[in-house]
Amino acid sequence: MFQSMMCMATAGEERADVEDVGAEYGFVLAPGAKRPDGWAYRFPSTNTTILYHWSSTLCDLEPLNPSDPATSYAMHLDRPPAFVRDNLHRIHVLVLNTGHHWNRGKLRANKWEMYVGGSPNRNKNIAAIWKAKNFTIHSVVKWLDAQLPRHPHLKAFYRSISPRHFFNGDWDTGGRCDSMSPLAKGSGISLNRSEDTDAEGAVMGTRVRLLDVTALSRLRDEGHISRYSIKATQGIQDCLHWCLPGVPDTWNEILAAQLL
């Protein structure tokens, strides 16, 4: 969505007048890291900055032993990411999202340990991954809603989950999405609610708006990178990420319409 927005704002061209201001937000490449925690670009002609911060779970992550490079991290399910908390006063439009990184494999690989109330989680009701994700989404949205009266300039959205389209398997078992026929399974949406019930439930009764992209994106199974990536691995298709131009452009058009 961020890449799409940048392409739309620059008409897909390199622009000498667009300034890389990532360092102003602490987005620098840490030793041993593959990428910074985000990117930020300023358009001086309109004094506008488009910023993306990587927070895959929307949890505040805190090293349990800062002096140990191999430390595990407290994954605070009830705290927003520190970056959002510390920079909220600088933001005029905020879009939050989380989803696909909530699985046991990611938690083990990143050495994340669930914490609630500053201590390891002992509540079995939110120990399951899907329950922990839902608890986090509700916690962050509730926190953000409480902040909005202090930031009257801020328009806040929670974006529903982007659907996957693996057919006949999953990403590591031969799942495919190499159809080339748009809207092959229909072009209409008959639901009067969101397919992402966690997101819909979290924003209900708050001033945070739902940017609902799930059902409309589910119609576009041919829009994924599939087997056409320049880094494609034989037998593995990417049916999670999207091609650009493509479906995320529509998400940004919907966002722009809600900002008018």
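Q: How many salt bridges does the count come to?
A: In this predicted model, the count comes to eleven salt bridges. A salt bridge here needs a side-chain nitrogen of Lys or Arg within 4 Å of a carboxyl oxygen of Asp or Glu.

Q: Which residue forms a salt bridge with Glu-24, and what parts does the pair tie together?
A: The partner of Glu-24 is Arg-42, and their closest N and O atoms are 3.0 Å apart. Glu-24 sits in the loop between strand S1 (19-20) and strand S2 (38-43), while Arg-42 belongs to strand S2, so the pair ties together parts that are 18 residues apart in sequence.

Q: Where in the chain are Arg-207 and Asp-145, which meet in a salt bridge?
A: The N to O distance of this salt bridge is 2.9 Å. Arg-207 is in the loop between H5 and strand S10 (209-211), and Asp-145 is in helix H4 (residues 129-147); the two are 62 residues apart and link distant parts of the chain. Asp-145 is buried at 13% relative accessible area, and Arg-207 is partly exposed at 48%.

Q: What does the salt bridge of Glu-195 and Arg-218 tie together?
A: These side chains meet at 2.5 Å, N to O. Glu-195 lies in the loop between S9 and H5, and Arg-218 lies in helix H6 (residues 214-218), so parts that are 23 residues apart in sequence are tied together. Salt bridges that share partners also join residues into one network, made up of Arg-176, Asp-178 and Arg-227.

Q: Which cysteines form a disulfide?
A: A disulfide requires cysteine sulfur atoms within 2.5 Å. A search of the whole structure finds one: Cys-177 with Cys-239, their sulfur atoms 2.1 Å apart. Cys-177 is in the loop between strand S9 (155-159) and helix H5 (197-203), and Cys-239 is in strand S12 (residues 238-242), so the pair ties together parts that are 62 residues apart in sequence. Cys-177 is buried at 3% relative accessible area, and Cys-239 is buried at 0%.

Q: Why is the disulfide of Cys-177 and Cys-239 left-handed?
A: The torsion about its S-S bond is about -95°, so the disulfide is left-handed.

Methods:
Residues are numbered from 1 along each chain as its sequence is written. This is a predicted model: local features need pLDDT of at least 70, side-chain atom pairs count only at pLDDT 80 or more; totals for chains, interfaces and linings use all residues. Side-chain values use heavy atoms; hydrogens and water are left out. Helices (H or I, at least four residues) and strands (E, at least two) are DSSP runs, numbered from the N terminus. Buried means under 20% relative accessible area, exposed over 50%, partly exposed in between (1.4 Å probe, protein chains only).
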